[in-house]
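Student: I have a model open on my screen and would like to talk it through with you. Could we start with the ligands and then move on to the fold?

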Amino acid sequence: MAATTTIRVPCSSANLGPGFDVIGLALNLYLEVQLTVTKQESSSHSLNCRITYEGVNADSVPLVAEDNLITRTAVYVLRCHGIRAFPTETHVHVKNPIPLGRGLGSSAAAIVAGVNIANEVGNLQLSKARMLDYCLMEERHPDNVAAALYGGFVGTYLNELSPEDTERLEIPLSEVLPEPAGGVDTGLRPPEPPKDIGHYTKYRWSPEIKCICIIPQFEVSTAKARAVLPESYTRKDIIFNMQRLAVLTTALGASPPDPGQIYTAMQDKIHQPYRRGLIPGLTEILQSVTPQSHPGLLGICLSGAGPTILALATANFDSIASHLVTEFKNENIECDWKLLELADEGTTVRRSAVSSLPVEESLTYASSGVSIDAGNDLVKAIKQFTASTKRPGADGKIGGFGGLLDLKAAGFDEPPILVGAIDGIGTKVKIAFEMNKHDTVGIDLVAMNVNDLVVQGAEPLIFLDYYACSKLSVQSAAKFVEGVANGCRLSGAALVGGETAEMPGIYKDGEYDAGGCAVGAIKRGVTILPDTAAMAEGDVLLGLSSNGVHSNGFSLVRKIIEKKGLSFHDTAPWSTGETVGASLLTPTRIYVKPLLAATRKGLIKGMSHITGGGLLENIPRMLPDHLAAELDAKTWPVPEVFQWLKRAGQLEDSEFARTFNTGLGMVLVVKEEDARTATEILQEHGEQVHRVGTLVSKKTEECTVRNMDVWK
Ligand SMILES: Nc1ncnc2c1ncn2[C@@H]1O[C@H](COP(=O)(O)OP(=O)(O)O)[C@@H](O)[C@H]1O
Ligand SMILES: N[C@@H](CCOP(=O)(O)O)C(=O)O
């Protein structure tokens, strides 16, 4: 078995209004278990398992293996396989940001983690479907566990279980019986679950929809919230819910989502009205917002059994949240709130070392860790994305040996000057792993390349990407390519090819690296930039706002975050309503279209893409030997994220300006007379333009920034 294994399980929000016990949504807040087995003769810990725990409710979670829901679930599954205790000695370290008993599926996450632990330490080789069976022997509503295990937006149903299948004491019934019932060691082998108890399907989830979770600071146990429900319902109420559920499952996948339809389709008559006694003000709070009163809101409901409120929205997250927090405050209830997103991937298991192969097993390429099938599945999954990047001269089809470009059809009658660029994303990918969000780093990859091309005056034409991993997750890789295709569309380049490399042993499980290259062209006769000969003292430096950190300096960013004891899932101290990870993943701005519009008018003498090396190192790259750049730090706004990073990392001014873009993703040289027209064209294309300095005669420094004390 693996020596060290990390298991990550997303939290979940069940019901979404009418889908009581049926639909669930995995969200990007993760229970993480680090599992280490060290070979020892004996252990002083019960069942040979040492538990350590950090995160919410750390003082109330039992650290004894028989009592802790995660480990007693694992023991149940192990005992079903004839293994009575953990290997000596097992260390389970739990990092849990999911608040317990709040309707965010903490128990489902714990149970799914427990089943996965058993699978790892017992080398049980259970399929996900079989794991679902074990989970359902404990938590009898499939909405949370299926979402936690498979990820995404799921619809589920459960085969009925016979009383004999469920009544044995050894099964740790987590929510049906009060704790610590169940999980008792009777010395017998517990009953295994019947096969295929649970079934699920994944629905589409519109990428625009985010989840505002208002989390009151009190617990409602799911068992208690189920005990208040009636045994039977009227036909009218059942039909009311079924009609809404039928519409809701597709309405939430439509792009753009329809607020009128979703708001009505999230009404419920079979659990929320009965749970109002447990959650003060519930009905009034749910009715206090509508898409009309709060534009951006799509719908609102109780999350799971509550007390958390789930509001789905596409915009105005802060104002919707602060309204709901105030409503609870009027009931004397304090709340935290989080803005979460769909976690598409579900439970992941990363092993740092793998077991040796049983001797009699015959070897295949797949058993060595490389799956041709997964590769083929990926090609199928990404075809639609590559096709969306089609442009004249490159038809966007993939599957050939090389990507083609017809320069004539691309608009170049004379042979143009070709410009190539190659780059990677750097350690920003680590944040994508941590957040399990893979659809934006592809945009960064394209941006790093095409922004380098455009500063020479070249129009990007084609792009090729390289994605390398240990074990191919078709889902993450497809998301990555979706991002690459989005970046290509933003820059007008066709994604004409790429390479996916599955290289077991080179990368850690669940991680990947990516690189890419772009080819662009400059029409023959057009000036290749920078036009250093045309630059003169007094020329104006225009700066274009960045989207934040972009794709450089992330080793330092990660160090500062770690030093401050923050997790990527914590709320960003620089931005309310966004996690650290989500904010840092904001993709690099692609400046191609605005800059080409200004260059084609002959307004620009030189451009510098501010990447690693920051302002101080990059601006001189476009200047002639006799000129230097002089910037005034008072002339552009430094984004909150940079202000926080500078303070938290106690960065010296020059270190800050040498590492980060400080708020300027591009700096341009223009003639004084052209500054106004260039600014107007760039603004028409949506850029924020600042006049940040001038060119001066060079003495010693190539680039200076005055008034850096405004950054303090
Ligand atoms: N990480 C965990 N470790 C141990 N026990 C847990 C953990 N997460 C949840 N539990 C157990 O599950 C209970 C909460 O489950 P439940 O009432 O279903 O609420 P929720 O809506 O959070 O799933 C907790 O009181 C605790 O006993
Ligand atoms: N369908 C269940 C969902 C319970 O979710 P939880 O997150 O509160 O455990 C119910 O509504 O009882």
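**Ligands, strands and a helix**

Tutor: Let us start with ligand 1, which is surrounded by 24 residues, and the closest of these are Leu69, Ser106, Ser107, Ala110 and Thr222. Please keep in mind that this is a predicted model.

Student: Which element gives the most to the shell around ligand 1?

Tutor: That is α2, with 4 residues. At least two residues of the shell are supplied by each of α1 (69–80), β4 (90–96) and α2 (106–121).

Student: And how does that shell divide by class?

Tutor: The shell around ligand 1 has 10 nonpolar, 11 polar and 3 charged residues.

Student: OK, ligand 2 then. Which residues come nearest?

Tutor: Of the 17 residues around ligand 2, the nearest are Ala14, Gly103, Thr222, Gly304 and Ala305. Two or more residues of this shell come from each of β1 (4–15), β2 (19–37), α4 (142–150) and α6 (222–227), and the largest share, 3 residues, belongs to α6. By class, the shell around ligand 2 has 5 nonpolar, 9 polar and 3 charged residues.

Student: What happens in the hairpin of β1 and β2?

Tutor: The hairpin has 3 residues between the strands, and Leu16 takes a positive phi near 50 degrees there. Asn15 stands opposite Gly19 in β2.

Student: How many residues of β2 are buried?

Tutor: The strand is mostly covered, with 16 of its 19 residues buried. β2 is also among the elements that cover the buried residues of α13, and that list includes α14 (441–454), β15, α16 (554–563) and α17 (580–584) as well.

Student: Which residues of α13 are buried, then?

Tutor: They are Lys428, Val429, Ile431, Ala432, Phe433, Glu434 and Met435, so to speak of helix α13 (residues 428–435) as mostly covered is to say that 7 of its 8 residues are buried, by the cut-off of 20 or more other C-beta atoms within 10 Å. After α13 comes Asn436, whose phi is positive, near 50 degrees.

Student: Changing topic, what is the strand order in the open sheet of 4 strands?

Tutor: The order is β12-β15-β13-β14, and the pairing is mixed. β12 (417–424) and β14 (494–502) stand at the edges with a single partner strand each, so each has one side left without a neighbour in the sheet. On average, and with direction ignored, neighbouring strands of this sheet are turned by 15 degrees against each other.

Student: How many bridges join β12 to β15?

Tutor: There are 8, and β12 runs antiparallel to β15 (residues 512–522); one of the pairs is Asp423 with Gly516 in β15.

Student: Last one: what is the average pLDDT of the chain, and where is the pLDDT below 50?

Tutor: The chain averages a pLDDT of 92, and 95% of the residues score at least 70. The pLDDT is below 50 over residues 354–361, a stretch that has 5 contacts in the model beyond near neighbours in sequence. For the complex, the predictor gives an ipTM of 0.94 and a pTM of 0.58.

Terms used. Residues numbered from 1 in each chain as written. Chains lettered and ligands numbered in written order. Predicted model: local features only at pLDDT ≥ 70, side-chain atom pairs only at ≥ 80, totals over all residues. Near = placed C-beta within 6 Å. Nonpolar A, V, L, I, M, F, W, Y, C, P; charged D, E, K, R; others polar. pLDDT = per-residue confidence, 0-100. Contact = placed C-beta atoms within 7 Å. Pairing = 2+ DSSP bridges. Axes fitted to C-alpha atoms, helices over the stretch in contact; angles between N-to-C directions. Buried ≥ 20, exposed ≤ 12 C-beta atoms within 10 Å, placed from the backbone.
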